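Please keep the structure open while reading.

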Amino acid sequence: MIALGGGWDEALAPLFSDQRYLKIREFLKKEYSTHVVYPDMYDLYNCFRFTPIDQVKAVILGQDPYHEPGQAHGLCFSVKKGVPLPPSLQNIFKELKSDLGIIEPNCGDLTKWAKRGVLLLNTTLTVREHQANSHSKCGWAWFTDSVIEIISERCKNVVFILWGANARSKAPLIDQSKHLILQCAHPSPLSAYNGFFGCKFFSKTNYYLAAHDREPIDWDLN
């Protein structure tokens, strides 16, 4: 039985009892026993464990976890302490400095953001080593789409940060009368100059939160 805390067990109970989730679970049992899969199974639901549902201020959507050793630990775009910063995360930190003047951190662990109300959700939660998108068809899309819909329904005045086509495709799941959607190009070096740099989503998020009587997010990881 999964125990997440932070109100997620009750909120996600219908998903965890759904036959579609049970199929994902059976798939993962086989994958973890026969292949190297990231993140570690004990880190799989970290995005929920670190960010209680009633404290969600912003949702950043990633695609699937990093697929090289030592990187993924259950939070999108985040890598463990001591791991070199992936290019997309380097660009996120560059935009953070440009937007808010925050010195670029040398550690890519985003757990502090998660504990400050930023749900760091990948749309696919697992991946085989060295094989990007290898689990994208196993059913995770249904699960994470449902999570987005639950947040949209249960929460108020959340900022959804959608970087890149995969994340932006989720916009129809979000009630725009209750929440703010910010969307632009992905921070990958392949697309960052097509609208990611200069998007100022960190300051825009805090402006929106303050305007709706919610405490702004401390984005400083230093």
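A salt bridge here is a side-chain nitrogen of Lys or Arg within 4 Å of a carboxyl oxygen of Asp or Glu. By that criterion the structure holds six salt bridges. The model is predicted, so local features need pLDDT of at least 70 and side-chain atom pairs count only at pLDDT 80 or more, while totals for chains, interfaces and linings use all residues. Residues are numbered from 1 along each chain as its sequence is written, and side-chain values use heavy atoms, with hydrogens and water left out.

**Salt bridges**

- Side chains of opposite charge can pair when their charged atoms come close.
- Glu-10 and Arg-154 form a salt bridge with an N to O distance of 2.9 Å. Glu-10 lies in helix H1 (residues 8–16) and Arg-154 in helix H6 (residues 140–154), so the pair ties together parts that are 144 residues apart in sequence. Helices (H or I, at least four residues) and strands (E, at least two) are DSSP runs, numbered from the N terminus.
- Glu-10 is exposed, at 52% relative accessible area, whereas Arg-154 is partly exposed, at 45%. Buried means under 20% relative accessible area, exposed over 50%, and partly exposed in between (1.4 Å probe, protein chains only).
- Lys-29 and Glu-26 meet in a salt bridge at 3.3 Å, N to O. Both residues belong to helix H2 (residues 19–34) and sit three residues apart, about one turn of the helix. Lys-29 is partly exposed at 46%, and Glu-26 is partly exposed at 47%.
- Asp-145 and Lys-170 are joined by a salt bridge of 2.8 Å, N to O. Asp-145 is in helix H6 and Lys-170 in the loop between helix H7 (165–168) and strand S6 (180–184), so this pair ties together parts that are 25 residues apart in sequence. Asp-145 and Lys-170 are both buried.

**Aromatic pairs**

- The structure holds 18 aromatic pairs. Rings of Phe, Tyr and Trp (its six-membered ring) pair if their centres lie within 6.5 Å; planes under 30 degrees apart count as stacked, over 60 as edge-to-face and the rest as tilted.
- Phe-16 and Tyr-21 pair edge-to-face, with 4.9 Å centre to centre and 75° between the planes. Phe-16 is buried at 15% relative accessibility, and Tyr-21 is buried at 6%.
- Phe-202 and Trp-219 also form an edge-to-face pair, with 4.9 Å centre to centre and 75° between the planes. Phe-202 lies in helix H8 (residues 201–211) and Trp-219 in the segment after H8, so the pair ties together parts that are 17 residues apart in sequence. Both residues are buried.
- Ring pairs link a cluster that includes Trp-8, Phe-16, Tyr-21, Tyr-45 and Trp-140.

**Nonpolar core**

- A nonpolar core is a set of buried Ala, Val, Leu, Ile, Met, Phe, Trp, Tyr and Cys residues joined through side-chain atoms within 4.5 Å.
- The largest nonpolar core has 75 residues, of which Phe-48, Trp-113, Phe-143 and Trp-163 touch the most other members. H6 gives the most to this core, with seven residues.

**A buried charge**

- Arg-214 is found in the segment after H8. Arg-214 is buried yet has no salt bridge, and the nearest side chain of opposite charge, Asp-54, is 7.8 Å away. Lys and Arg count as positive and Asp and Glu as negative; His and the chain ends are not counted.
- A polar atom of the Arg-214 side chain lies 3.0 Å from the backbone oxygen of Val-56.

Conventions:
Polar contact = N/O pair within 3.5 Å; in protein donor to acceptor, adjacent residues only side chain to side chain.
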